[in-house]
Amino acid sequence: MLGTDMDNEVARGLFEEGATLVLLGVPEGIELGLDYKTWTLGPRFRGVKMIPPGLHFLHYCSASTESARGDIGPRRGLFLSLKPREVIIAHWNKNNDDLDISQNAEEVERTRDNLQELDTYLGPYPYDTLRKWVSLTDRLSQELASALQPLSGRVSFSDMVPELQLTHTKDRAEHNLPRNDQECQSMKEGLDRLPRMKQREGTELRFSHIPSQVYPPGATPAQITKYSMDLSYTLNCVLDSHYRYQPLNILGELQFAFVCFLIGNVYEAFEHWKTLLSLLCRSEEAIKEKKDLYLGLISVLYHQLGEIPPDFFVDIVSQCNFLTSTLQDFFQFVSSPGVDRTLRKKAEKFQAHLTKKFRWDFDADLEDCAPVVVVLPDGVTVD
């Protein structure tokens with residue numbers, strides 16, 4: 001598991017100073033990972049030792065014992081902030097296929113005293129992936145991760161439930177909804193019969209709210225056009241609402257969303273990452289005013305984009321790459337007069353790096369990526 005050569009003295013120091021995660025009762029065959037590494041557990045596994053202090057992401061998903069195909073359940077995860085020599089104990093809960101963190105101080109101390117006996121059952125932290133993990137989370141603090149993750153404490157796929165429990169026909173009638181025991185007369189009627197879904201309370205990722213209205217109240221038509229092309233007003237609203245005293249924490253939120261998608265397999269985190277990135281890249285005035293924010297953004301993106309295939313962001317319908325169109329706007333804005341010279345130079349190097357690595361053409365005409373007008377069936381509206 002170490003994945004790197006390490007002499008005995010270094011290993012002994014890491015064992016004594018590193019944190020230990022003891023996992024008891026976890027069934028064999030479960031897929032479990034810490035940060036950027038994932039394993040399928042064997043019968044002797046009891047946890048992970050020599051964990052460097054700091055923020056970590058523990059993730060896991062159970063394997064079906066009833067299916068011959070060995071189906072894997074949905075992935076769950078939680079962020080942990082570990083201190084030197086800290087011992088964390090978690091027990092596998094068979095009823096809900098989840099880990100329960102022990103709050104029993106006596107059990108923790110008893111386990112700490114027996115770490116030498118447990119040693120052969122503990123796998124060492126994969127230090128070959130540590131540099132990559134740190135590069136993806138260096139802006140993300142434990143306080144910010146706790147504020148963004150669901151109230152349930154678990155990062156997972158969307159757990160959806162109906163907004164209304166409409167078990168019987170009379171229940172639908174009370175809410176002026178069409179009956180289910182009659183044939184549909186139109187597509188709209190069929191869509192109306194589908195239950196409206198919402199995320200189960202406490203399971204939602206608590207991302208910053210990004211206003212859908214990108215201009216201030218009472219804006220003139222000319223101002224509406226301006227604020228729709230330069231999203232600095234909206235960005236400032238988000239920063240004032242969520243990060244007034246620590247504006248660079250928005251980069252931590254960008255990293256949180258990326259990790260939740262990349263490692264946690266949470267699609268809504270990917271959508272928020274795209275929305276937040278678009279907001280940052282299309283804020284022309286903010287690029288001139290917030291040098292440190294955008295120097296940090298380039299560093300964050302440099303490491304994130306190294307973890308995904310170059311064609312990942314291509315829309316399969318339009319063949320338009322979300323990233324190239326978004327970053328094209330950013331590179332155009334950052335090259336305009338009034339932008340800090342250090343930021344401009346760093347952006348030029350970043351653009352050259354992306355062009356060389358992914359062969360993305362940021363000078364191409366994006367007319368082909370213009371919005372497509374779609375004619376909807378009669379009676380169907382888009383909310």
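Which residues does His-272 touch, not counting residues up to four places away in sequence? The close-ups below start there, and keep in mind that this is a predicted model.

**Figure 1. His-272 and the residues around it.** Let's meet the histidine from the opening question. His-272 sits in helix α11, which runs over residues 267-281. Leaving aside residues up to four places away in sequence, His-272 touches Phe-207, Ser-208, Ile-210, Glu-253 and Ala-257. Is this histidine buried or exposed? His-272 counts as buried because its relative accessibility is 10%, and the cut-off for buried is under 20%.

Figure 2. How many disulfides does a search of the whole structure find? The answer is zero. In case the word is new to you, a disulfide is a covalent bond between the sulfur atoms of two cysteines.

**Figure 3. A nonpolar patch on the surface.** Here we move to the outside. Met-187, Leu-191 and Leu-194 form this patch, and together they have about 300 Å² of accessible area. Met-187 belongs to helix α7, residues 187-193. With a relative accessibility of 48%, Met-187 counts as partly exposed, because exposed would take over 50%.

**Figure 4. Asp-97, a residue with positive phi.** Take a look at the backbone here. Asp-97 is not a glycine, yet its phi is positive, at about 50°. Where is Asp-97 found? Look in the loop that links β7 (87-93) to β8 (98-101). Asp-97 counts as partly exposed, since its relative accessibility is 36%.

Figure 5. Is Arg-359 buried or exposed? Arg-359 counts as exposed, because its relative accessibility comes to 74%.

**Figure 6. Stepping back to the protein chain.** Time to zoom out for some context. The chain contains 15 helices and 12 strands. Of its 383 residues, 42% are buried. Among contacts with a separation of 6 or more, 71% come from residues 24 or more positions apart. The accessible surface of the chain is about 21700 Å², and carbon and sulfur atoms account for 50% of that.

Note on methods. Residues numbered from 1 in each chain as written. Predicted model: local features only at pLDDT ≥ 70, side-chain atom pairs only at ≥ 80, totals over all residues. Heavy atoms only, no water. Helix = DSSP H or I, 4+ residues; strand = E, 2+ residues; numbered from the N terminus. Buried < 20%, exposed > 50% of the residue type's maximum accessible area, 1.4 Å probe, protein only. Disulfide = S-S within 2.5 Å. Contact = heavy atoms within 4.5 Å. Patch = residues over 30% accessible without salt bridge, like charges linked within 9 Å, V, L, I, M, F, W, Y side chains within 5 Å. Areas by Shrake-Rupley, 256 points an atom, 1.4 Å probe, with all protein chains shown as cover. Salt bridge = Lys/Arg side-chain N within 4 Å of Asp/Glu carboxyl O.
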